[in-house]
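Here is a short report on one protein model. Look at the sequence and the structure, then read on.

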Amino acid sequence: MAWVLSMDEVIESGLVHDFDSSLSGIGQELGAGAYSMSDVLALPIFKQEDSSLSLEDEAKHPPFQYVMCAATSPAVKLHDETLTYLNQGQSYEIRMLDNRKMGDMPEISGKLVKSIIRVVFHDRRLQYTEHQQLEGWKWNRPGDRLLDLDIPMSVGIIDTRTNPSQLNAVEFLWDPAKRTSAFIQVHCISTEFTPRKHGGEKGVPFRIQVDTFKQNENGEYTDHLHSASCQIKVFKPKGADRKQKNDREKMEKRTAHEKEKYQPSYDTTILTECSPWPDTPTAYVNNSPSPAPTFTSSQQSTCSVPDSNSSSPNHQGDGAAQASAEQIQPSATTQETQQWLLKNRFSSYTRLFSNFSGADLLKLTKEDLVQICGAADGIRLYNSLKSRSVRPRLTIYVCQEQQSGTVLQGQPQAAGSGGESGGGTPCVYHAIYLEEMVASEVARKLASVFNIPFHQINQVYRQGPTGIHILVSDQMVQNFQDETCFLFSTVKAENNDGIHIILK
């Protein structure tokens, strides 16, 4: 037993000696001067990671920066977006800064760019009903704009433009190489868009967004370069100053630990990068008036403008094709849906329905459309989607009299109701739909239906008792009974100057 213990002691002492010898020199190899942090970072793996990070930072380097000279609120938590309080109607400077590095975007060097500044809703719920909200504001504040440029105070802006149909946007040209500052005035206040107005309501936040574009190959400023925005609230004059003071006093009463949860107030507001506003930018072309925005597609559109002159069964084939083309199809792509909205005078909602296909749009109920677009435009859009045509004010049936002038026996000559002529030829009547109860509308529709040059029609007469010819006037048309049947013939006018139409 003693021999076994002694052997264990020998083995243990040997292992300890080997372990100590293996550790000897480690302190010397890892001494203070053995490795430096620069040597560690010089390893290939760190070099590769560092280069990838620098490329990523370079890719994120924005070409422009917009700084609004207004202090941010101190009552905003960390990692939340900044909030800036503005006074209604007060001019605030937005500095347009060229942030490009040397060699970046050489195509705009020495050239002008276009920027559009907008005030829009921050809440997504209000963005869906933006048109309705702005129309209501326009109704209550006729002649006012939501956003204006203070041109006398602005520096470096050229060719400022405001669109009467876009009260919340201004646009201008500027040279990135020169000092540029745009002074804006916001005339709407946040509480104007709250559902209840009893005083003390929490106003809705807005956004100030700047979108910048360069010229394309056609000279139009439509190529997007950069977009940035910030969150704001607008108060009545001096209200923003009081709100800023109240927030500062509240923060001063908080403990040091609580203050760490909030971000400090900054003297200026830096607009952060965002997606461009979906509206198609208005085109500047050689300082000419701005054309309306258009949508182009590589596929042939199935939409067409209907011909208002088609009024008879002979034209019903064309009219049906036009109605089918005018009606949006479930298979319509998003681009075709945008074109359909434009052609049917719903351009204000192209941004709202930018991702809707034909099937998506047709699935919306009448209540959905009224809630999204408001009562007037919602009902109009619903009727357009369902192809509900306007009922004509008067319908008459007209048949061109045969050369023989005979009709089926027992059928009155002046007001036949259909049948066959004496020779067995069917007497076909054409429906004339009058949207206006005037004589000129009757002549125009007759010319369209029976392929008569409209400029050759001198007068339209109605055959009266004993064969007299009575001039068809507006008052006579207004006294036509609905669905009256007429035969009509043509006679040459005096001196062969056109023709007269006689209704019988």
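## The second largest cavity

Which residues line the second largest cavity? In this predicted model, the lining is made of Val-119, Val-120, Phe-121, Glu-130, Leu-134, Leu-146, Asn-168, Phe-193 and Phe-206. The cavity's volume is about 40 Å³. The model has two cavities of 30 Å³ or more.

E4 supplies the largest share, three residues. Sorted by class, the lining of the second largest cavity holds seven nonpolar residues, one polar and one charged.

## How H12 meets H13

Two packed helices are described by the angle and the distance between their axes. Take helix H12 (residues 366–373) and helix H13 (residues 375–385). Their axes come within 7 Å and cross at roughly 140°. H12 is therefore oblique to H13. The crossing of H12 past H13 is right-handed.

## The contact between H12 and H13

What does each helix bring to the contact? From H12 come Lys-366, Leu-369, Val-370 and Cys-373. From H13 come Ala-375, Asp-377, Gly-378, Ile-379, Leu-381, Tyr-382 and Leu-385.

How do the residues of this contact divide by class? Eight are nonpolar, one is polar and two are charged.

Technical notes
Residues numbered from 1 in each chain as written. Predicted model: local features only at pLDDT ≥ 70, side-chain atom pairs only at ≥ 80, totals over all residues. Heavy atoms only, no water. 1 Å grid on protein atoms, 1.4 Å probe; cavity = no way out; pocket = protein on both sides within 12 Å on 5 of 7 lines; lining within 4 Å. Points joined across faces, edges and corners; volume = space filled by probe spheres on them. Helix = DSSP H or I, 4+ residues; strand = E, 2+ residues; numbered from the N terminus. Nonpolar A, V, L, I, M, F, W, Y, C, P; charged D, E, K, R; others polar. Axes fitted to C-alpha atoms, helices over the stretch in contact; angles between N-to-C directions. Parallel < 35°, antiparallel > 145°, perpendicular 65-115°, else oblique. Left-handed = near helix turned anticlockwise from the far one by under 90°. Contact = heavy atoms within 4.5 Å.
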